Amino acid sequence: MDCGGRVLDLSQPQVMAVLNVTPDSFSDGGSLTTAGLVNQQKVLQRVERMLAEGAAIIDVGGESTRPGAKAVPLAEEMDRVLPVVDAINARFDTVISVDTSSPELMLAAARCGAGLLNDVRALERPGALAAAAQTGLPVCLMHMQGSPAMMQHNPNYQNVVSEVAKYLTARAESCVAAGIAAERIIIDPGFGFGKTVEHNLQLLKGLSQLQAMGFPILVGLSRKSLIGQVLGREVADRLAGSLALALMSLMHGAAIVRVHDVAETVDALKLFNAMQNA
């Protein structure tokens, strides 16, 4: 997949590394800021380490979308994200993903060297679809029931797998109609975004049904509350659960796993690939 001039090889599973330049993300909020501002030195050191550990994509996010999160003003989101994308692009040869729903940021990030647009709202925000098409970059479309502020209040589905598949199919069709080629589309079932523990488990079990849609699947289960609720583990103690879920998702058809713990996930992925190629 051509990501802004950099190639993402999806012939085998890849690791997307989470880079939250926010003060309030659920797992690592504030770890890359100093006095509330993004610390560029910390950011570049973190990116260098994640790439050395085997990450293929760096996913930069300037808005927390944890359950109950409040919206971030556009100017603040852009101030957080754009200098980071620019700095990573100047220093490292890697695919840079921008985790945003804001059309203005999509366009600006593309000019700064971003190679992938990762949108939890599946380009539904006004202007986002047109902006994404204008950049010519691949897009990742995620399913979310409700909004981050309210999504976990009362998630409800008759059949979570078929409803997620139906929604993502419709969004992919909208992208193609807007001029985004089908081969530039990635889908994300949105684990934890408007879903109970049971919904998440059903979705993971039925992931191969989404694979039948023909798009690469991105899965984000790293450190999620699902692990805490099933295992009784706090966020800092969810590595084993995250690795188990990453491997389960790969076995059910995921092409990209979005994670916080890169080195450990890459090791697990290498063992998975060795088994597949035996």
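## Helix α2

In this predicted model, helix α2 comprises 18 residues and spans 26 Å from its first C-alpha to its last, close to the 26 Å expected at 1.5 Å a residue. The helix covers residues 74–91. Its buried residues are Glu-77, Met-78, Arg-80, Val-81, Leu-82, Val-84, Val-85, Ala-87 and Ile-88.

These buried residues pack against both strands and helices: the strands are β3 (14–20), β5 (37–38), β6 (57–61) and β7 (95–99), and the helices are α1 (40–52) and α3. An α-helix has 3.6 residues a turn, so residues three or four places apart point the same way.

## Packing of α2 with α1

Two packed helices are described by the angle between their axes and the distance between the axes. For α1 and α2, the axes come within 11 Å and cross at roughly 50 degrees. The two helices are therefore oblique to each other, and α1 passes α2 in a right-handed crossing.

On the α1 side, the contact is formed by Gln-40, Val-43, Leu-44, Val-47 and Glu-48, and on the α2 side by Pro-83, Val-84, Ala-87, Ile-88 and Arg-91. Classified by side chain, this contact contains seven nonpolar, one polar and two charged residues. Val-84, Ala-87 and Ile-88, which take part in the contact with α1, are also among the buried residues of α2.

## Packing of α2 with α3

The crossing of α2 past α3 is right-handed.

From α2, the contact draws on Leu-74, Glu-77, Met-78, Val-81, Leu-82, Val-85, Asp-86 and Asn-89; from α3, it draws on Glu-104, Leu-105, Ala-108, Ala-109 and Cys-112. Nine of the contact residues are nonpolar, one is polar and three are charged. Several of the α2 residues named here are buried, including Glu-77, Met-78, Val-81, Leu-82 and Val-85.

## Packing of α3 with α4

Helix α3 also packs with helix α4 (residues 128–135), at an angle of about 10 degrees and with the axes 8 Å apart. That angle makes α3 roughly parallel to α4. The residues that meet are Pro-103, Met-106, Leu-107 and Ala-110 in α3 and Ala-128, Ala-131, Ala-132, Gln-134 and Thr-135 in α4. This contact has seven nonpolar and two polar residues, and no charged ones.

## Non-glycine residues with positive phi

Ala-122 has a positive phi of about 55 degrees although it is not a glycine. Ala-122 is placed in the loop between β8 (116–119) and α4. With a relative accessible area of 0%, Ala-122 is buried.

Arg-223, likewise not a glycine, has a positive phi of about 60 degrees. Its position is in the loop between β11 (218–219) and α8 (225–231). The relative accessible area of Arg-223 is 18%, and the residue therefore counts as buried, the cut-off being under 20%.

Arg-258 belongs to strand β12 (residues 256–259) and is buried, at 18% relative accessibility. Leaving aside neighbours within four places in sequence, Arg-258 is in contact with Met-16, Val-18, Asn-20, Asp-59, Asp-99, Asn-118, Leu-218, Val-219, Gly-220, Leu-221 and Ser-222.

His-199 lies in helix α6 (residues 197–205) and is buried, with a relative accessible area of 10%. Not counting residues up to four places away in sequence, His-199 touches Pro-155, Asn-156, Tyr-157 and Val-160. Ala-165 is situated in helix α5 (residues 160–178) and counts as buried at 17% relative accessibility. Beyond neighbours within four places in sequence, Ala-165 is in contact with Leu-210 and Met-213. Ala-165 and Pro-189 are 24 residues apart in sequence, with a C-alpha to C-alpha distance of 8.0 Å.

Technical notes
Residues numbered from 1 in each chain as written. Predicted model: local features only at pLDDT ≥ 70, side-chain atom pairs only at ≥ 80, totals over all residues. Heavy atoms only, no water. Axes fitted to C-alpha atoms, helices over the stretch in contact; angles between N-to-C directions. Helix = DSSP H or I, 4+ residues; strand = E, 2+ residues; numbered from the N terminus. Left-handed = near helix turned anticlockwise from the far one by under 90°. Contact = heavy atoms within 4.5 Å. Nonpolar A, V, L, I, M, F, W, Y, C, P; charged D, E, K, R; others polar. Expected span 1.5 Å × (residues − 1). Buried < 20%, exposed > 50% of the residue type's maximum accessible area, 1.4 Å probe, protein only. Parallel < 35°, antiparallel > 145°, perpendicular 65-115°, else oblique.
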